[in-house]
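My entries follow in the order I made them.

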Amino acid sequence: MKVLRVKIEGWTASFRYPSFISGFQPTLPVPPVSTVYGLISAARGELTTPDDVNIGYVFEFESKAVDLETIYELSPGLSAKSNVVKREFLYNPKLYLYLDKPDFEEYFRKPHYPLLFGRSGDLAKVSETKGLNLEEEAGKRLGKTILPFGIKGAYGLVQALPSHFTDTIPRKAVGVKPYLLMDEFFTYPEKCLFDPEMNWAVWLHEN
């Protein structure tokens with residue numbers, strides 16, 4: 001299969017748990033599918049959903065830490081008060097994004113909007129784009145990604161997440177289902193797309 005591989009890097013990343021509203025703010029270990037479609041939408045300059053392109057990705061980071069962040073809590077009448085919360089973040093993140101439409105490369109060569117790894121301060125940049133031809137192979141290492149719940153041999157954090165959001169106001173979550181978030185590799189016994197340059201399997205989320 002012909003795919004486009006895009007390497008996106010940043011200094012920090014933070015992917016919020018949807019169920020945490022206040023207090024300590026932990027980060028998911030890998031970006032949700034909706035966040036990745038948000039990155040593609042920003043690069044393309046228009047809403048992009050699973051109907052437009054199928055994706056797979058591998059996400060790595062160097063370390064995890066906690067920072068203090070000032071937030072402003074709004075109340076009726078548009079009055080606000082400040083508060084300080086502890087927010088977990090990932091240091092030196094790298095996203096290897098695979099798309100089944102190689103012609104999307106033009107969007108990442110000159111992104112329409114800034115690319116973010118979560119918050120507005122988590123700026124990211126495209127450091128490489130490359131067209132590849134991937135074949136299916138069995139018994140390869142798979143992980144550091146998000147997988148549909150129930151994949152044979154996979155383990156990790158289970159979280160209900162959307163596949164993408166609408167561009168309406170307010171935004172609406174679409175395609176919510178349980179996903180498995182893996183921050184390490186395991187040997188996947190069945191056939192899967194394989195990137196020999198990176199020596200890992202790629203799970204393609206197909207619509």
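**Strand pairing and burial**

I began at tyrosine 57, which stands opposite leucine 97 in S6. I took helices (H or I, at least four residues) and strands (E, at least two) as DSSP runs, numbered from the N terminus. I counted two strands as paired if DSSP finds at least two bridges between them.

The model is predicted: local features need pLDDT of at least 70, side-chain atom pairs count only at pLDDT 80 or more, and totals for chains, interfaces and linings use all residues. Numbering runs from 1 along each chain as its sequence is written, and side-chain values use heavy atoms, without hydrogens and water.

Next I checked S1 (residues 2-10). Six bridges join S1 to S6, antiparallel. Lysine 7 sits opposite tyrosine 96 in S6.

How many residues of S6 (residues 94-99) are buried? Six of its six are. Buried means under 20% relative accessible area, exposed over 50%, partly exposed in between (1.4 Å probe, protein chains only). Lys94, Tyr96 and Tyr98 cover one side, Leu95, Leu97 and Leu99 the other.

I then looked up the open sheet. Its three strands run in the order S2-S5-S4, with antiparallel pairing. S2 (12-13) and S4 (63-75) are the edge strands, each pairing on one side only. S4 and S5 (residues 79-91) share 13 bridges. Isoleucine 71 stands opposite asparagine 83 in S5.

Last came helix H1 (residues 33-44), with 12 residues. I found 10 of the 12 buried, including Tyr37 and Arg44. Glycine 45 follows H1, with a positive phi near 85°.

Technical notes: Expected span 1.5 Å × (residues − 1).
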